[in-house]
Amino acid sequence: MNSVPDLYSKPELYEAAFAWRDYTAEVAVLIDLWQQHNSRPLRRVLDCAAGPAPHAAAWQAAGVTCCALDRSAAMCAHAGQRCPSLRADTTQLPLAAGFDLATTMLGSLYVLSELDLAQHLGGVAAALRPGGLYALDWCTLHDEAEEHHDEWDFDTSGGSGTATYRMFTRGAGLVEEELIVQRGNHVWRENVMQLAIDLPMLTTACQTTFEVLGAWNDWDLNQSLPCTGPINRPLVLLKRT
Ligand SMILES: C[S@@+](CC[C@H](N)C(=O)[O-])C[C@H]1O[C@@H](n2cnc3c(N)ncnc32)[C@H](O)[C@@H]1O
């Protein structure tokens, strides 16, 4: 049987599959939040588990330097064509304070235990200057659903095909994410286990390093969480204490 290649070894294809996002609008929301909570200018952003650094161009257009951190050599090489990039594990961040804002986008908080989570938060806090913010996109669970499933077609200059995303609970406080991208007869796949993190767990884990400033549904600052209706891409904002 042929093994299915890893999607994260194909940065262009991964990025094409998730290009439905509006990077400029997302950066504008983060700049808005920055300005609500800080009077100094936003200069340097650390994007954790950044993959191909899809927000780098939008940050650059806003006059902000983005540094992409990822553990995948292929992703770092791709990101490095756009912005400074660093190969490292998100649970062992090797950085001293020099960033204003940290981000983890698209549910990329790959920790397997509360200890990993605490280490990650400690590393992010150490990388931030006083008053720094940390924005987590889709890293927290806000409903009781045991499974999420989505399927879509994409067609960009980076590639075309069909993507399938599934997230399901695996017991012992873990969830598994499965991402499959198909182009013609070729298939790429990633299966990743993650700690299921809800807002109370995050609040407890970060209590010595961050305060929780807010949580919003679907990147909409008019939709504070908890809220009624479907939850999509919740955004949580922390401030370094
Ligand atoms: C779903 S992609 C998301 C990329 C990016 N955040 C985005 O918004 O498109 C997940 C990325 O997380 C990286 N990753 C997974 N576990 C990691 C870890 N422990 N430390 C650093 N990067 C990690 C993978 O290599 C991959 O590039």
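Tutor: In this predicted model, 11 residues of domain 1 are in contact with 13 residues of domain 2. On the side of domain 1 that touches domain 2, the residues comprise 8 nonpolar and 3 charged ones, with no polar residue. Domain 1 is made of two stretches, 7–142 and 197–240, while domain 2 covers 147–193. The centres of domain 1 and domain 2, taken over C-alpha atoms, are 21 Å apart.

Let us now turn to the sheet. Seven strands form an open sheet with mixed pairing, in the order β3-β2-β1-β4-β5-β11-β10. At its edges are β3 (85–87) and β10 (210–216), each of which pairs on one side only. From one strand to the next, the twist averages 20°. Within this sheet, β5 (residues 128–137) pairs with β11 (residues 235–240) in the antiparallel sense, over 5 bridges. Here L133 stands opposite K239 in β11.

Helix α2 (residues 23–37) lies across β4 (99–104), β5, β10 and β11, and runs at about 145° to β5. Helix α5 (residues 114–127) lies across β1 (44–48), β4, β5, β10 and β11, at about 135° to β5.

Finally, there is the ligand. It is surrounded by 17 residues, of which A49, G51, S72, M105 and Y110 are the closest. By class, this shell contains 9 nonpolar, 5 polar and 3 charged residues.

Notes
Residues numbered from 1 in each chain as written. Predicted model: local features only at pLDDT ≥ 70, side-chain atom pairs only at ≥ 80, totals over all residues. Domains from an automatic or database assignment. Contact = placed C-beta atoms within 7 Å. Nonpolar A, V, L, I, M, F, W, Y, C, P; charged D, E, K, R; others polar. Near = placed C-beta within 6 Å. Pairing = 2+ DSSP bridges. Helix = DSSP H or I, 4+ residues; strand = E, 2+ residues; numbered from the N terminus. Axes fitted to C-alpha atoms, helices over the stretch in contact; angles between N-to-C directions.
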